[in-house]
Amino acid sequence: PPADGMLNISLSTSMAEARQRVSIARNFKAGYAYDIVLRFSNHGFINADVSVSEWKRYDEVIKQEVDVDMFYNLSNYETANSYIVNSANYGYCFDGTIKGNGDSSLVGGESTSLNPKYIDILWDDTPMITINGVQRKALTLDLHELSQGRVLFHVQGDPNNDMDKRLLSEGNVVIAAYDEEGGDILWTWHIWLTDRVKAQGYPNGYIVQDRNLGAISSEPDGENGMDGLYYQWGRPTPFKPASSGVYGAVSRVPSNPSQVATVGEAIANPTTLYGSGDAARHDWLATQNNALWGYQNEHTDLEKTIYDPCPPGYMVADIRVWQNIARYEVAGGWHSGVGVNVSVASNSVWYPFQGYIESDGTENIYRDVSRLWSSVIDLRTTNEPYELQYTARGAASWNAYGSHRNRALPVRCVSAHST
């Protein structure tokens, strides 16, 4: 039987965009025969039925039908700090024993293994859905502990049609791993429920996602759906503005707005915005570290680290993604209070005006400027991270002035293979 109790089956259909791998969580035992019937839909989705019987050397077979849950392994090809989910009525899992992408070589070589004893949802900004007259959240954990090293959850869709995979609710869920129930947080993961995120090619060779990390729309929807989440530079866990009303997504530190932290303290307190400690540094981190998001120097390629917040295959943008952005044609014009629409290699690209959050929780959610973090540090002058700034006045710039690391800005992810 499988050593970890999880049977993984890799297959593809003519309707599938790529090979799929389904995982069957079950206590497989030696001495039994298992019949596995795979069911394929005309949408390319796969499900399975499992029956078990005692293994016998003669024709008599006594079958016993059993229920089995199917979980799509989000971390099958790469572990990360966030995962995209765009289908409902499905079970999902990911590796809960590894921090981020498992690579800490640039950031001190700390252990990347985890052994949490309790799993729970830290915060969830998705709208409630109504199922059979009862309001509930779309994403629910199957267990509050790991199963064979994996975090298991389901995303509820239409209960009357299992083959309807459309999401009933979109948004963001942060799941936390604890050393015990009610104990200390060891790590967090961000589940991004949204429609299919597109990859857009830029003329300089970069492949960029069509929306900010955490956004549920790539174009104006009348409800600020283009707004992504906010990150203090170098941290893996996102924030929401306090005004969003999402309980637990952000905590202020009014009693000590200059408080700084170690990386470990920031991981253990993912909803706390830290200050500067030094007015001249503007850094939430007690000992500055330029490599948290993979930067080394201007002559060395970026590398994804365990603190990168982007999903598998993506990483925080290099500033070179936007160095020629001022040359891009403004396709749809400047939209007051919304964002700017530019034409990039025949792609319609939106950069929303969503502002930023100060380290003390003050919200500068100005609807006239788009600011995005890059992973690159200006070592020649300011020693601050570069950022993209697009303003409603029509100016586009990339610079490292006023880019304080203790501010929380949005992120847009780029393909890790194009950096």
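**View 1. Salt-bridge network of Asp195, Asp210 and Arg211.** Salt bridges link Asp195, Asp210 and Arg211 in a network; a salt bridge is a side-chain nitrogen of Lys or Arg within 4 Å of a carboxyl oxygen of Asp or Glu. The model is predicted: local features need pLDDT of at least 70 and side-chain atom pairs count only at pLDDT 80 or more, while totals for chains, interfaces and linings use all residues. Residues are numbered from 1 along each chain as its sequence is written, and side-chain values use heavy atoms, with hydrogens and water left out. Between Arg211 and Asp210 the N to O distance is 2.9 Å. Arg211 is buried at 3% relative accessible area, and Asp210 is buried at 4% (buried, under 20%; exposed, over 50%; partly exposed, in between; 1.4 Å probe, protein chains only).

**View 2. Salt bridge between Arg166 and Asp164.** The closest N and O atoms are 2.6 Å apart. Arg166 is exposed, with 59% relative accessibility, whereas Asp164 is buried, with 11%.

**View 3. Salt bridge between Asp318 and Arg320.** Here the closest N and O atoms lie 2.6 Å apart. Asp318 is buried at 2% relative accessible area; Arg320 is partly exposed at 36%.

**View 4. Open sheet of four strands in the order β7-β15-β14-β9.** Pairing in the sheet is mixed (strands are DSSP runs of E, at least two residues, numbered from the N terminus; two strands pair if DSSP finds at least two bridges between them). The edge strands, β7 (82-85) and β9 (118-124), each pair on one side only. Strands β14 (residues 171-178) and β15 (residues 185-193) run antiparallel and are joined by eight bridges. Ile175 has Trp189 of β15 as its bridge partner.
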